[in-house]
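Student: Could you show me how to read a few features of a protein model, beginning with the general idea each time?

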Amino acid sequence: MQRAFQLAEHGRGTVSPNPMVGCVLVTDGRIVGEGWHQHYGGPHAEAHAVRDAIRRGNESLLSEVTAYVTLEPCSHFGKTPPCAGLLIEKKIKRVVIANDDPNPLVAGRGIATLREAGIKVESGLLTTFGTKLNARFFTYFAKKRPYVILKWAETADGFIAKEDGSPIQISNIYSSTRVHRWRSEEDAILVGRQTALTDNPRLNVRLWNGHDPVRVVLDRSLSLPSSLHIYDQSQPTIVYNYEQQNGIGEVPERYAVNHAVSYDILKKNNDELNQVLTDLHNRKIQSVLVEGGAQVLQAFIQAGLWDEIRRCQGKDLLGSGIKAPTVAGALTHSEIVEGDYWTFYENVQSQVGLHRLPLSPDLL
């Protein structure tokens, strides 16, 4: 199962809104086939593992293998045929599963289908690791909202920007490259009006090879100029506001061809962040990286609508400016990246109902 988790991790950033899944086929203590879900819309882990076994010349052994799978095999037709059916077709002897699938389309049906076919099924092996691996997928179904990551950089004396809001360079190129990799791993990236105006960010992954996230902008009065990069239609973009709704891009995906800007109306109340997260959930967006500004980040923290904080502290002092958000949550670990000091936190309250266990470095 540990090897299956290793394989599943290879799908990070390419399979959403599907979960990351790995599969290992074993008989007599020997791996005879393995695979993982490689990209959204493509074959699932079980199909890749069976193909790998056949490629290795082990097809005759399939009826004797135990399949170790990180998530319950699907039992429905989606973009690919059901994996439970494939395992039955190949007469797999035994299936060991880490996590049951929370998706109502599966939710125990895959296990039941396998057992009805006479396959021995065991579930619950290293479940906590599987929940951590697919925290976005499980949060999406359990919390009915995307998984929320708050990220910012601040000076050594705790400022995020100059007093007039203009940006300053805090992190080094290594940290910036890492942030672009993180962007490629999440479904969406969110900023407020002030950040969009003063930074004019592209919010893409130009420093990394990967998919651009869906851009999400909070511009209540639609006052941002159309010349900003967020309106260049280079990637899917949603603008939440009080004024306009156009119905375009009902379910924007990073993989989509149509990059027209979608406008969605917010109700004027004190629950705007919940409205945004609910709408993103309805659009099948499972994770959001929130990159600013300070007020937006602090609002997510105060509302308790976050799962991770990733904070970068530079070495330079600014003296005065816009204060960085107040860190909350439990410190999980820290790292130094060529002089930049990174600290990582988790929201313990948001983990209620989910297993809390960091993936071991020895495992992955």
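Tutor: A polar contact is a pair of N or O atoms within 3.5 Å; within protein, one must be able to donate a hydrogen and the other to accept it, and residues adjacent in sequence count only if both atoms are side-chain atoms. This is a predicted model, in which local features need pLDDT of at least 70 and side-chain atom pairs count only at pLDDT 80 or more, while totals for chains, interfaces and linings use all residues. Residues are numbered from 1 along each chain as its sequence is written, and side-chain values use heavy atoms, with hydrogens and water left out.

Student: Which side chain does Glu186 join through a polar contact?

Tutor: The side chain of Glu186 is joined to that of Ser287 by a polar contact of 2.8 Å.

Student: Is Glu186 buried or exposed?

Tutor: Buried means under 20% relative accessible area, exposed over 50%, and partly exposed in between (1.4 Å probe, protein chains only). Glu186 counts as buried because its relative accessible area is 0%.

Student: Which residues have the most contacts inside the largest nonpolar core?

Tutor: A nonpolar core is a set of buried Ala, Val, Leu, Ile, Met, Phe, Trp, Tyr and Cys residues joined through side-chain atoms within 4.5 Å. The largest one here has 30 residues, and those with the most contacts inside it include Leu150, Trp152 and Tyr240. A second, separate core of 28 residues includes Ala45 and Tyr140.

Student: What is the phi of Lys284?

Tutor: Phi of Lys284 is near 70 degrees, a positive value in a residue other than glycine, and Lys284 is exposed, with a relative accessible area of 51%.
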